Amino acid sequence: MGGCCGTTDEHIAQIAQLVSDAEPHTPAPQHSELWLSGLELLPLTPERGFINVGERCNVAGSRKFLRLVKEGQWSEALDIARKQVDDGALVLDINMDDALLDARSAMTHFLCLLAAEPEIARVPVMVDSSDWNVIRDALGCIQGKAIVNSISLKEGEEVFLSHARELRRMGAAVVVMAFDEEGQATTYERRIEVCSRAYRLLTEQVGMPARDIIFDPNVLTVATGMAEHDAYALDFIRATEWIRTHLPEAHVSGGVSNLSFAFRGNNYVREAMHAVFLYHARRAGMDFAILNPATRVTYADIEPSLLEAIEDVILCRRPDATERLTQMVHEMSAEAEAAASAPQADNATQPAATDAPLSREALDHRLAEALRRGTTDGLQADLMCALELYGSPVAIIEGPLMQGMNRVGQLFGEGKMFLPQVVKTARTMKSAVEMLQPYMTDNSGSDAQPSQQRPRVLLATVRGDVHDIGKNIVAVVMACNGFDVTDLGVMVSPEDIVAAARELHPQAIGLSGLITPSLAEMQTTVRMLDEAGIRVPVMIGGATTSRLHTALRIATAYSGAVLHVADASQNVPMLAPFLDPATANDATAQLHQQQDALRQLHATPDTIVSLEEARAKKPKFF
């Protein structure tokens, strides 16, 4: 209490006398819960228990949202955000990380538009980006208490602490990914090791309130067909329980849709897997999840036999869980093509009849079906028949077997096959090559000697990126198809990739990356390969990569062939013509022509004709 320039000493003395017995106000004790805010406060109290984060305003996860942002259809993009809030999202995840977007400009523009929509802006925002400059610009556009997704230890403690201190100064809560200098934490032990280290650094050195820390112990894809992935979901759940017990006041979040990527194309099964995972993860203490709030599949809705099969996968209860769930999904799908081919597929499992030789077309179909089904029943007998018809093991591999792999890639792209089946197919292909191997040695034909040498491929996750699950699946598929695979790991610099290429002389190189900054690293890497005189085909893969960006940014920095590969099943058939000396030049020239056409199409501005011209060109139906 006091006065101003118009009050006298006597007046102030009387005020002092009047309040001489008054007790000063004591600030209320600081709340222990995490409080977020848009236009409205959102306390994460024990009564609330769980916050679902809407995932659809993410250019990496929603093709529709990406298209609207690229086309500048901001009103329609806001409608997606509005629908998520209407569907029950308590926080909005916003991500503009795309290779062909100015992410800083798009993020700030969208956030400013969103702030003018009270029914949307009432909920807090999760700023989701792998670009630190995007995060800083975004926080300058948000009036409430936001969440930043994410920071990690992958670049070391100095960068981690610097980012954390700035986020604390700007008042944001933070998602901490379970990455460190060694890469992505995938086991229970590594998850708790990385999270406990990050917790100590944030609370002891940064002074960040523990309630503002949200750990993401990495929701990774299960049911891939690779045994080392079987415990991913269970280890996440165990790590969640450990974090909530041993790291006081910290929270746990995760991107749930990553879990079910192996069953891409079957939305019901994916949503059922998410429901089962959330049921168990929430019981363990998970209190945030990035998901589609409009999903309508709940744990209680799932048919008991399917529920049991999914829980076997999520909780890693039996070694054949993936195979059983995959079989059940196929039976549920009741697809006409699968039903029509079922009798033929059953026949394909029987050894070839010796008294009724098959035609080449029938034998090719049986071999292709064996690959599609991932079975080796009768494969040896069919391959022996094929040797009589083709006369060369190499001709069988490059003919019906490779055609079968191409068909598998096509079915996977259409969502008619799932990742565990692709891995199983690759192992069948490996078995077929092993069965043919003795005849390659004994074959006196001119193509026998080259076939004994396994083509070498070099794989690496580029610098700044620690994601390697997809790359590991590619390594398995290519190894099963006769490639000698050298995996350089994660966070690999362009200099190290060039050095390895000079030392190992691979026939192809694969570059992987999940986050947007990885794209610039890929461009730098191929430019340095080109400067070093290395011209082998380079495969580009990862969540943020695209055919258009590869043509626009990466292929232009390299004299050789740069292929964009969308999924693991496509690497082998796409690469094959570039490794065959008879077709390599034509394949490279054709690829360059296709990429030139993409660049020209992208550079061509959209033209608007006059109303009179448009009317003159209208279709005439009568």
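## Basis of the description

Helices (H or I, at least four residues) and strands (E, at least two) are DSSP runs, numbered from the N terminus. The model is predicted, so local features need pLDDT of at least 70 and side-chain atom pairs count only at pLDDT 80 or more, while totals for chains, interfaces and linings use all residues. Residues are numbered from 1 along each chain as its sequence is written, and side-chain values use heavy atoms, with hydrogens and water left out.

The loop between α10 (267–284) and β12 (288–291) contains D287. Because its relative accessibility is 3%, D287 counts as buried (under 20% relative accessible area, with a 1.4 Å probe and protein chains only).

The D287 side chain forms a polar contact with the side chain of R244 at 3.1 Å; such a contact is a pair of N or O atoms within 3.5 Å, one able to donate a hydrogen and the other to accept it. The side chain of D287 also reaches the backbone nitrogen of V252, at 3.0 Å. Beyond its neighbours within four places in sequence, D287 is in contact (heavy atoms within 4.5 Å) with residues including L44, F50 and H251.

D465 is located in the loop between β13 (456–461) and α19 (469–480). D465 is buried but has no salt bridge, meaning a side-chain nitrogen of Lys or Arg within 4 Å of a carboxyl oxygen of Asp or Glu. The nearest side chain of opposite charge, that of K154, is 5.8 Å away.

The side chain of D465 reaches two backbone nitrogens: that of L514 at 2.6 Å and that of I515 at 3.2 Å. Leaving aside neighbours within four places in sequence, the contacts of D465 also include V490, M491 and S518.

Key
Buried < 20%, exposed > 50% of the residue type's maximum accessible area, 1.4 Å probe, protein only. Lys, Arg positive; Asp, Glu negative; His and termini not counted.
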